[in-house]
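Subject: Structure handover

Hello,

Please find the structure below. My notes on it come after.

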Amino acid sequence: MIRVGVLGAGYFARFHHDAWTRLGNAQLVGIADRDPARARGGPAPGYESLPALIDGAAPELLDIVIPPDGHLEAIRTALDAGLRWIICQKPFCRDRDEAARATEMAEAAGATLVIHENFRFQPWYRTLKQALDAGRIGDVLQLTFRMRTGDGQGPDAYLDRQPYFQTMERFLIHETAVHWIDTFRFLLGPADGLYADLRRLNPAIAGEDAGYLLFDYADGRRALFDGNRLLDHGTDTPRLTFGEALAEGTGGSIALAGDGALTIRRAGAVDGSLLLPPRRWPGFAGDCVHALQAHVLNHITDGTPLENTAREYLAVLDIEAAAYRSAERRARVAL
């Protein structure tokens, strides 16, 4: 049993709390939050600060689920206290420089720092990856994701769930599209360049909330992220897949629907067949929080390969920075 402490008791942290309680080889021993009442309302003893959590609950693994401006100090505090297993939510720190400092501190301490980038752990992307690697649709030529959360309209956008979204000067890419920057890398490997076109549509928020990221590959493949937080898509659970995807190859295509179903269609055919049927998943977005946490625990206990280490994730932040440079210059940027 791995003793786990969580820093954070806000909206999204509850998905972490729930997932830890459902993992058989983990024990959630404490939750810390700047609001002690909120921390005490979770499924484990509550603490008013990270030092109090470390002293009172003696976790072996710390799961950081607070906004980015607190990440570096939390990682430093954990390392100084001797913790050697840390998971940190994305966006990873306030900027790339802070993220690099956190990564270097962890490496110097001999600690493992993993970024909680969970979209690549969603079941439809794991299934899609297996199908692509198996050549189920031939040579992949195009991958498109249309993000349509439908939650970004009006002066009250995000206030009921994650109000700090309104004040983020870099929003769509820094907070949201990083999920697909990482997922595209997982599915297709590193791209050679990108072009970004970003827009701010809702005047109530500080950052961009719509735009395109076009990734190009030397072998001719293309990947397109088409994001718009004001528009929705045809589903009764908009925060399950957050939109719709289509992978197209020389031998057919695989489509992701808003209910989490994957449909594969052979080239020349009209209809397809289910590759992954829809289902009611527990937790968040296909239970991807649980899947990532299980992945880290399996690495600790069994030595299985580890994805999304902090050092690897710096490449995602480099691509994020390149996207903003491209949008400012209105030009392709080499990666």
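Predicted model: local features only at pLDDT ≥ 70, side-chain atom pairs only at ≥ 80, totals over all residues.

Residues are numbered from 1 along each chain as its sequence is written, and side-chain values use heavy atoms, with hydrogens and water left out.

Overall fold

Of the 335 residues, 55% are buried, where buried means under 20% relative accessible area, exposed over 50% and partly exposed in between, with a 1.4 Å probe and protein chains only. Among contacts (heavy atoms within 4.5 Å) with a separation of 6 or more, 66% join residues 24 or more positions apart.

Core

The largest nonpolar core holds 105 residues, and Trp20, Phe92 and Phe215 have the most contacts inside it. Such a core is a set of buried Ala, Val, Leu, Ile, Met, Phe, Trp, Tyr and Cys residues joined through side-chain atoms within 4.5 Å. Helix α7 (residues 172–188) gives this core its largest share, 10 residues. A second, separate core has six residues, including Tyr158, Phe165, Met168 and Phe171. Leaving aside residues up to four places away in sequence, Trp20 touches Val4, Val6, Ala26, Leu28, Leu61, Asp63, Ile87, Gln293 and Leu297.

Helix α9

Helix α9 (residues 288–302) has 15 residues and reaches 20 Å from first C-alpha to last, close to the 21 Å expected at 1.5 Å a residue (1.5 Å times one less than the number of residues). Its buried residues include Cys288, Leu292, Val296 and Leu297. Among the elements that cover the buried part of α9 are β1 (2–7), α1 (13–21) and β2 (26–32). Asp287 sits in the loop between β14 (273–276) and α9. Asp287 is buried at 10% relative accessible area and touches Arg22, Trp281 and Pro282, not counting residues up to four places away in sequence. Just after α9, Gly303 takes a positive phi of about 75 degrees.

Aromatic pairs

The whole structure contains 17 aromatic pairs. Rings of Phe, Tyr and Trp (its six-membered ring) pair if their centres lie within 6.5 Å; planes under 30 degrees apart are stacked, over 60 edge-to-face and the rest tilted. Phe119 and Phe242 form a tilted pair, 5.3 Å centre to centre with 50 degrees between the planes. Phe119 lies in the loop between β6 and α6 (123–133) and Phe242 in the loop between α8 (238–241) and β11 (243–249), so the pair ties together parts 123 residues apart in sequence. Phe119 is buried at 2% relative accessibility, and Phe242 is buried at 6%. Phe165 and Phe171 also form a tilted pair, with ring centres 5.1 Å apart and planes at 55 degrees. Phe165 is buried at 1% relative accessible area and Phe171 at 0% relative accessibility.

Regards

Terms used
Helix = DSSP H or I, 4+ residues; strand = E, 2+ residues; numbered from the N terminus.
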